[in-house]
Amino acid sequence: MKALLFACCVVLFNAPVTSADLKPPTKPAEQKVTETKYILHTGLEIATDPKAYEAKLQISQSQLQSFRAALDGSPGNPAVVGGIAVSAPRTIIAGLLMFLAVSIAGVFLARSSSFGRTQKALAAIVLVAVLLGAAAIITRGNAGPPGSYRWRNLPQALAKGEPTVGGVDIEVVPDDQLSGRMRLIIPLKKQNSPGEE
Amino acid sequence: MQSAVELRTWPRARALPNARVFVAIVVLCIIASAAFASWLPLQVSIVTVFLFAGPHNWFELRYFLMRLPVRFGRSRNFFLTAFAGLGVLTLAYVSLPFIYNAATWSEEAWSTVIATWNTSLIVWLGALIWLRSKQKPRANWGWLIPLGLALCSLNWLGPDFFSLAIVYVHPLIALWFLDRHLRRTRPAWSRAYRRCLYLLPLVLVGMIWQLSQTSSLADSNGLFWRITQHSGAEVLPQVSSHMLVSVHLFLEMLHYAVWIVALPLIGRAASRRFWDVKTVPVARHPKGFPRLVAGVFVVAVIAVAALWFGFSIDYATTRDVYFTVAIAHVLAEAPFLLRMI
């Protein structure tokens with residue numbers, strides 16, 4: 001009996017000691033950022049206000065929820081995150097349907113007697129090109145002019161007091177990189193003045 | 001078997017010499033609508049929907065009744081499919097907000113639900129086209145199968161974008177109705193009308209070019225927020241909501257102008273008496289249903305008055321209810337347009 005009590009005491013007293021070495025579970029929100037993390041892409045408007053005494057960063061409530069969802073690792077609002085094909089099942093269904101569409105269109109084209117051989121070949125090339133183009137656009141939703149295009153006239157717009165709207169990628173960076181500030185990086189290339197190389 | 005009773009609803013009218021006046025009015029409508037929609041999109045949207053949403057539905061209902069045969073005959077399957085799909089899809093669409101409030105599904109699950117509804121819509125349209133093509137053996141509509149499948153595929157890639165596309169495409173259907181109507185009643189005007197339509201993409205490109213750099217509209221209150229959301233501000237956050245609301249409002253104004261002004265006034269003089277039940281073939285025919293048609297008209301007038309009353313009391317809620325229930329008239333356009341092709 002004494003041996004049993006002694007064994008229980010050893011186990012009970014050792015429990016806190018042994019568990020002290022275990023890392024306590026951390027909440028996702030408390031996780032420290034150790035590297036730059038891309039959150040989402042959204043729109044940004046830079047405007048001037050002559051009546052304001054302090055710079056302001058205005059964020060809508062829905063965007064704030066999207067930030068929170070993105071930080072928590074949940075997909076958030078798919079429309080804001082990107083909208084197109086973020087779900088594997090939907091992508092599979094879409095792929096199957098597109099496969100059927102292209103296959104049937106090809107069969108119709110091949111069996112059609114109203115087109116000549118050259119026209120059929122041209123139509124097939126156009127079909128494949130459209131398909132590849134659509135796939136490229138879907139897989140790279142931001143394809144098109146680079147984001148910097150919309151910001152190219154920012155200095156002139158600021159000088160005139162006019163707003164400028166463009167896309168912005170939101171990133172969370174480690175604390176030591178910004179030391180408590182926020183940083184807005186605008187993709188502006190240095191414009192050489194006339195006569196300057 | 002009962003044979004179909006073909007009604008000569010739209011006898012070819014004599015071409016009138018004032019086609020130029022018609023062209024001038026169409027061009028003026030397009031430019032004025034674009035100007036108002038670009039200038040004060042939110043305010044004009046509120047006024048436009050308040051004034052014209054209900055009446056345009058009334059005129060649309062009357063137009064569909066005028067296109068309805070007294071006996072379905074060999075179009076029986078077509079109309080049964082049309083009405084069954086119309087009822088089921090409308091009920092499913094109207095029930096979605098209630099399910100949304102009751103269920104706690106994820107965003108992904110909702111995307112799947114929306115994609116399923118959109119797919120059902122495409123399948124229903126495909127069935128109607130197939131049934132219609134059986135009545136037109138010369139028409140080669142087989143290429144619509146891969147097109148429908150491709151649309152289904154795009155819908156599953158981005159259900160929200162597909163739903164938004166319906167919002168923007170629907171007003172344009174009215175222009176198609178007017179085109180078919182003119183070909184039957186005023187063939188001399190048809191070519192001029194089609195030339196006028198070339199102006200539409202130019203105006204749209206001009207609006208997009210002018211408004212794409214504008215600041216987004218202040219959706220500070222619930223009503224303004226609803227209007228911008230309806231135009232796709234949430235689905236396309238990188239696009240100026242001013243541009244979205246203006247473009248959508250511009251198309252809506254053309255839609256209302258076609259249904260309320262153009263279609264009732266262009267045609268036979270008798271058909272312009274839109275209040276007269278006897279101008280509707282289903283009511284005028286000896287085997288027709290004059291009392292039923294009169295009853296439908298009266299109920300529709302009461303609904304329009306109720307809509308105005310609702311807008312006066314609580315505009316935002318009434319707008320929500322209206323645009324949910326209005327999916328029925330969006331769907332109803334499909335079978336009647338197919339009957340005109």
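Leaving aside neighbours within four places in sequence, Val258(B) is in contact with Ala174(B), Leu175(B), Phe177(B), Leu178(B) and Leu263(B), where contact means that the C-beta atoms of two residues, placed from the backbone, lie within 7 Å. The model is a predicted one, in which local features need pLDDT of at least 70, side-chain atom pairs count only at pLDDT 80 or more, and totals for chains, interfaces and linings use all residues. Residues are numbered from 1 along each chain as its sequence is written, while chains are lettered from A and ligands numbered from 1 in the order in which they are written.

Together with Phe250(B) and Leu263(B), Val258(B) has the most contacts inside the largest nonpolar core, which has 44 residues. Such a core is a set of buried Ala, Val, Leu, Ile, Met, Phe, Trp, Tyr and Cys residues joined through C-beta atoms within 7 Å. A residue is buried if 20 or more other C-beta atoms lie within 10 Å of its own, exposed if 12 or fewer, and partly exposed in between. Helix α10 (residues 241-265) of chain B gives the most to this core, with 15 residues. A second, separate core of 14 residues includes Ala94(A), Ala115(B), Leu149(B) and Ala150(B).

Chain B has 14 helices and 0 strands, with helices (H or I, at least four residues) and strands (E, at least two) taken as DSSP runs numbered from the N terminus. Of the 341 residues in chain B, 32% are buried.

Turning to the two chains together, 26 residues of chain A are in contact with 25 residues of chain B. On the side of chain A that touches chain B, α4(A) gives the most, with 10 residues.
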